[in-house]
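Please read the following note alongside the sequence and the model.

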Amino acid sequence: MQMAAKKITLSPSRDIPFDRLVLSQANVRRIKSGVSVEELAEDIARRGLLQGLSVRAVTDAAGVETGLFEIPAGGRRYRALELLVKQKRLAKTAPVPCVVREGGLAEEDSLAENVQRAPLHPLDQFRAFLTLREKGQSEEEIAAAFFVSVNVVKQRLKLASVAPTLLDIYAEDGMTLDQLMAFTVSGDHERQEQVFERLKASYDKQPYVIRRMLTEGAVRASDKRAQFIGVEAYEATGGTALRDLFQGDDGGWLQDVALVDRMVAEKLKADSEAVAAEGWKWIEVAPDFAYGHNFGLRRLRGETVALTPEEEATRDALQTEYDSLSDAYSSADELPGEVDERLSELETALEAFENRPLVFDPAEIARAGAFVSIAHDGRLQVERGYVRPEDEAPIEPDVDDTEVNAVRAAAAQRAGDATVVTDAEEADSEAEEDEGLSPISDRLMTELTSHRTLALRQALGDRPDVAFLAALHALTQKIFYRYASESCLELDLKSVAFSSQAPGLNDSASAEAIRVRHDNWANALPKDASDLWDALQSWDGDSQAGLFAHIVSLSVNAVHEPWNRRPRALAHADHLAGAIALDMAAAGWKPTVDNFLGRVTKARILQAVAEAKDQRAAERIAHLKKGDMAAEAESLLAETGWLPEPLRTPGSADGADETGVRDTRPSDDDGDSTALIAAE
């Protein structure tokens, strides 16, 4: 006969006054983890005790119950209740729901309660937060109720908004949490599912690959076009911005590229119309111009608008406040937030006083034009006052006929023409002398000035200081006074345009530094070329050397050109780079997909990673497709200072070594003083 199964009897539950409860030494939990006691106390005060305590009666030596109960499981809940009692928010005799255990071991009760407790699946938490949000609770209220930051709540809600099919796959362990986080970049469920299908056929399913697939073709918010129109304006027009709440995204991605381009074109057009209203003959508008777009054009020299007495007083007050704050916190390791913000405001205000607008002659405006584009930081960039050669005013000769004839005779001599002086001409000359003082003949003038030219050459060769000044005077005219001919030195200086525009060349740190330096020197020079000699002569040696270094630097041409082999010139470029300790990594060049990695073979990409990191790093990306490999290599090489061979400086201790990785150790060399002067 089959025996009936014995029925299970559960431990009884009862309410026990708090002051009759004590902690048990049998509790296996020794290390604090999870929610703090303070946060748990606040949760109990808000919602009440959601889970009772597991207790055992305390007996004396004879085995008689003392009326007290020890807690082997539920110690954190007890401490939270104890904290509420100390805060006088809970009575000492308040009844506490308890399960009274008998038999077995107290340690076993404690261990079983902690080990057998199943944690909540992350997806259940995501969906629970979403349910609370749908029932009217704000993100701030949810964060306060569960003692997490508002950003954590936003992240959980974002995860819950992924396509339901992908959430189901995640629930079945078909993808990792990091992969699910990557899918939150886009809110388009159809797009998410398309990327997941593509991912199935890919060997690499890393989160960065998912993010890149979802943002293909999008414009980064850090792009100068996005900064120019403003992300808020873009979204207000109906544009969609993708955001990554789990990683730094530089402001996200603008998904509607056509809308970005249209808004950029409209804003540039509106801004250019305001510039055109100033009376310029022509206006060229583009988001970006190639480097050297103004080569060969003469730039007008405007007059800076003077400050009014009120503006001078405001500037002095701002400068005084800035100096006072700087002195007060000069020894502080870190500036307080409000002080740092105020100093930034003062710097911006003072910079506005330095960058005063220029006033041009209306007659010059009528023959000149302006370039309107976007600067590298998203600001409107207006380059005013450029005159094309065909718009130059005709030069009226202001010399007499004798001087004109002398010039023509000299030109004829240079061309190889023979100058014949007949006896009749000599006789006429003698007859004129009898009549009185007459101009010197062209032939004699040529002979005399030939002697003087030869003597000038000899004397100038003995005076390096004057020779330097004369060369500086001649070359300065070539660069800053395009159509002036105020020098007797037949020196020339070529500044070649770049035959191939590299990506980002016009927005590079070097291009911006050259522009600033050139404008600074242009502002320091006199407006009229006829005053240039006296101005340069009055400058000190450091200023002259700085201007000379800038002018000579514009003639450097170390560009590899397939149709113009110049091995000796390029070898000299290596010597020049070594002499000035050129470091392309310090100059701001970094290997990216656009400027290098996406345009070389996979073998070169792997070689670069192996040189900059190690062979294992290269092996980890060796299985990737070309595009994915280039993108991952860009991330790996970002802060290494690695340089490809054409950018390395041979033999430079401060530059790249044979592996192309820059040595970042501090140098004892303070740098070349001439270069510092030129930079100033």
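In which helix is the place of Gln-179?

1. The model discussed here is predicted. In this model, Gln-179 lies in helix α8, which covers residues 177-183.

2. Is Gln-179 buried or exposed? Its relative accessibility is 12%, and the limit for a buried residue is under 20%, so Gln-179 counts as buried.

3. Which residues does Gln-179 touch, once its neighbours within four places in sequence are left aside? The contacts of Gln-179 are then Lys-205, Pro-207 and Ile-210.

4. A disulfide is a covalent bond between the sulfur atoms of two cysteines. A search of the whole structure for such bonds returns zero disulfides.

5. Rolling a probe the size of a water molecule over the atoms shows where empty space is left. How many cavities of 30 Å³ or more does a search of the whole structure find? The search finds one, and the volume of the largest cavity is about 40 Å³.

6. The lining of the largest cavity is formed by Lys-224, Asp-288, Ser-373, Ile-374, Ala-375, His-376, Gln-381, Asn-506, Asp-507 and Arg-515. By residue type, this lining comprises two nonpolar, four polar and four charged residues. The student may wish to locate these residues in the displayed model, including His-376 and Arg-515.

Methods
Residues numbered from 1 in each chain as written. Predicted model: local features only at pLDDT ≥ 70, side-chain atom pairs only at ≥ 80, totals over all residues. Heavy atoms only, no water. 1 Å grid on protein atoms, 1.4 Å probe; cavity = no way out; pocket = protein on both sides within 12 Å on 5 of 7 lines; lining within 4 Å. Points joined across faces, edges and corners; volume = space filled by probe spheres on them. Nonpolar A, V, L, I, M, F, W, Y, C, P; charged D, E, K, R; others polar. Disulfide = S-S within 2.5 Å. Helix = DSSP H or I, 4+ residues; strand = E, 2+ residues; numbered from the N terminus. Buried < 20%, exposed > 50% of the residue type's maximum accessible area, 1.4 Å probe, protein only. Contact = heavy atoms within 4.5 Å.
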